[in-house]
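Good morning, colleagues. May I ask you to look at the model on the screen while I go through its local features in turn?

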Amino acid sequence: MRRAWPRLCAASGQADAGLALVRMATAAELAMAEPGERLPSEYEAWNAATQQWVLRYGFVADRLSDSLRHITRVPASVSGETETFVLDCMREPVAAWRQKLLLLLYRMQRAVYFYDAQVALDIPKLHLLGTAEWEELLPSAVKNGRALDVGTGKGDLALRYKHLFETVVATEVSAALCRRLKHLGFRVFQTPTVELPASEQRFDCVLCLNTLDRCPNPHSLLKNMRAVATIGSPVVIAVPLPFYHLDFFTKSSMAGLSLEGDNTFEGSASAVADELLLPVGLKPVALYRAPYMSSGPYDHPLSQVLDTAIFVCRVMY
């Protein structure tokens with residue numbers, strides 16, 4: 001069934017009633033948030049009653065564990081780039097045949113690597129943070145240095161911050177993804193871990209954006225990331241919450257992980273910090289909440305929205 005989208009005003013991005021088409025969820029809406037049916041972190045962002053996209057930002061610091069209680073809270077807002085991404089998804093939705101073919105290939109994962117199919121079809125478009133948000137989130141001391149992005153995917157997320165560094169080294173598991181990343185100007189290594197040449201063993205910043213929940217061994221990956229970051233350097237980790245671990249290669253869920261947080265954003269963030277990050281020597285110093293969005297077809301232009309935590313950590317040892 002095709003949705004009756006409000007008339008778009010290209011200049012202002014306003015709905016017919018004069019309301020902004022994209023807004024932040026209120027504190028009351030955040031308090032009523034429940035885990036999604038397909039993935040715990042997934043939520044329906046379209047509010048049919050108000051004809052708006054309602055995105056989740058912000059959290060209640062008092063509900064975090066002691067290890068996060070004094071963490072820096074990055075100011076939350078819907079950036080201009082985020083609003084533009086949503087409006088572009090409505091104006092130029094994914095062609096229905098492309099979406100159907102992608103879903104078909106997803107069901108054929110033994111024959112076709114799903115992310116290679118995304119490269120071939122050039123869908124979906126992905127968004128987490130805009131350029132201005134990255135500039136605020138990343139310490140000024142690391143800018144113009146060397147960064148490592150672990151599990152860069154199609155590169156949509158990394159392109160938003162790439163200009164802040166002299167060099168961004170990207171890692172991916174497939175040749176198709178690596179070719180795309182090289183074309184986008186990244187220095188690329190094809191590896192499922194963080195196994196890099198001796199000349200590529202120290203970075204001013206290490207990032208892992210929405211990859212940790214899909215790798216076979218999150219603890220091992222985090223340890224390897226910590227090992228290539230200089231002491232005191234930021235390690236930025238984005239992960240959908242509530243945390244649900246799915247090994248993309250074996251399709252096994254949790255893989256030995258048992259994060260004992262509740263289903264709230266604050267409880268889940270505390271569990272990730274206490275049970276995944278701190279034990280491997282990564283101390284969270286800042287926390288941000290933002291939607292991880294994927295473009296879709298006309299009847300669902302945001303095909304997936306995941307509630308995501310972005311941790312900025314410091315290497316402890």
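Predicted model: local features only at pLDDT ≥ 70, side-chain atom pairs only at ≥ 80, totals over all residues.

Arg73 lies over the face of Phe59, at 5.0 Å from the ring centre.

The protein chain has eight helices and 12 strands. Of its 317 residues, 52% count as buried. If we take the contacts between residues at least 6 apart in sequence, 70% of them join residues at least 24 apart.

I turn now to the aromatic rings. A pair of aromatic rings is described by the distance of the centres and the angle of the planes. How many aromatic pairs does the structure hold? There are five aromatic pairs. One of them is formed by Trp134 and Tyr161, with 5.2 Å from centre to centre and 65° between the planes, an edge-to-face arrangement. This pair links distant parts of the chain, for Trp134 belongs to helix H5, residues 131-137, while Tyr161 is in the loop between strand E6 (146-150) and strand E7 (167-172), 27 residues apart. Tyr161 also pairs edge-to-face with Phe165, at 5.9 Å centre to centre and with 90° between the planes.

Next, a sheet. Strands of a sheet pair through backbone hydrogen bonds, either parallel or antiparallel. Here we have an open sheet of three strands in the order E1-E3-E2, with mixed pairing. Strand E1 (22-24) and strand E2 (46-47) stand at the edges; each has a single partner strand, so one side of each is left without a neighbour in the sheet. E2 pairs with strand E3, residues 52-55, in the antiparallel sense, over two bridges. Within that pairing, Gln52 of E3 is the bridge partner of Asn47.

As for helix packing, helix H7 (residues 218-228) and helix H8 (residues 265-277) pack at an angle of about 75°, and their axes are 11 Å apart. Angles of 65 to 115 degrees count as roughly perpendicular, and H7 and H8 are therefore roughly perpendicular to each other. Which residues make the contact? On the side of H7 they are Pro218, His219 and Leu222, and on the side of H8 they are Glu275, Leu276 and Leu277.

I come to the backbone. Most residues other than glycine have a negative phi, and most peptide bonds are trans. With that in mind, consider the loop between H4 and E5, where Asp122 is found. Phi of Asp122 is near 55°, a positive value in a residue other than glycine. Asp122 has a relative accessible area of 32%, which lies between the limits of 20% and 50%, and so counts as partly exposed. Pro124 is found in the loop between helix H4 (114-121) and strand E5 (126-127) as well, and a cis peptide bond, with omega of about -5°, joins Ile123 to Pro124.

A further cis peptide bond joins Leu241 and Pro242, with omega of about 0°. Pro242 has its place in the loop between strand E10 (234-240) and H8.

Asn210 has a positive phi of about 55° although it is not a glycine. Asn210 is found in the loop between strand E9 (205-209) and H7. With a relative accessible area of 11%, Asn210 is buried.

Finally, I would draw your attention to Gln99, which is found in helix H3, residues 96-106. Is Gln99 buried or exposed? Its relative accessible area is 15%, and since that is under 20%, Gln99 is buried. Leaving aside residues up to four places away in sequence, Gln99 touches Val94, Ile123, Gly296, Pro297 and Ser303. One of these partners, Ile123, is the residue that a cis peptide bond joins to Pro124.

Definitions and conventions: Residues numbered from 1 in each chain as written. Heavy atoms only, no water. Phe/Tyr/Trp six-rings, centres within 6.5 Å; stacked < 30°, edge-to-face > 60°. Helix = DSSP H or I, 4+ residues; strand = E, 2+ residues; numbered from the N terminus. Lys NZ or Arg CZ within 6 Å of the ring centre and 35° of its normal. Pairing = 2+ DSSP bridges. Axes fitted to C-alpha atoms, helices over the stretch in contact; angles between N-to-C directions. Parallel < 35°, antiparallel > 145°, perpendicular 65-115°, else oblique. Contact = heavy atoms within 4.5 Å. Buried < 20%, exposed > 50% of the residue type's maximum accessible area, 1.4 Å probe, protein only.
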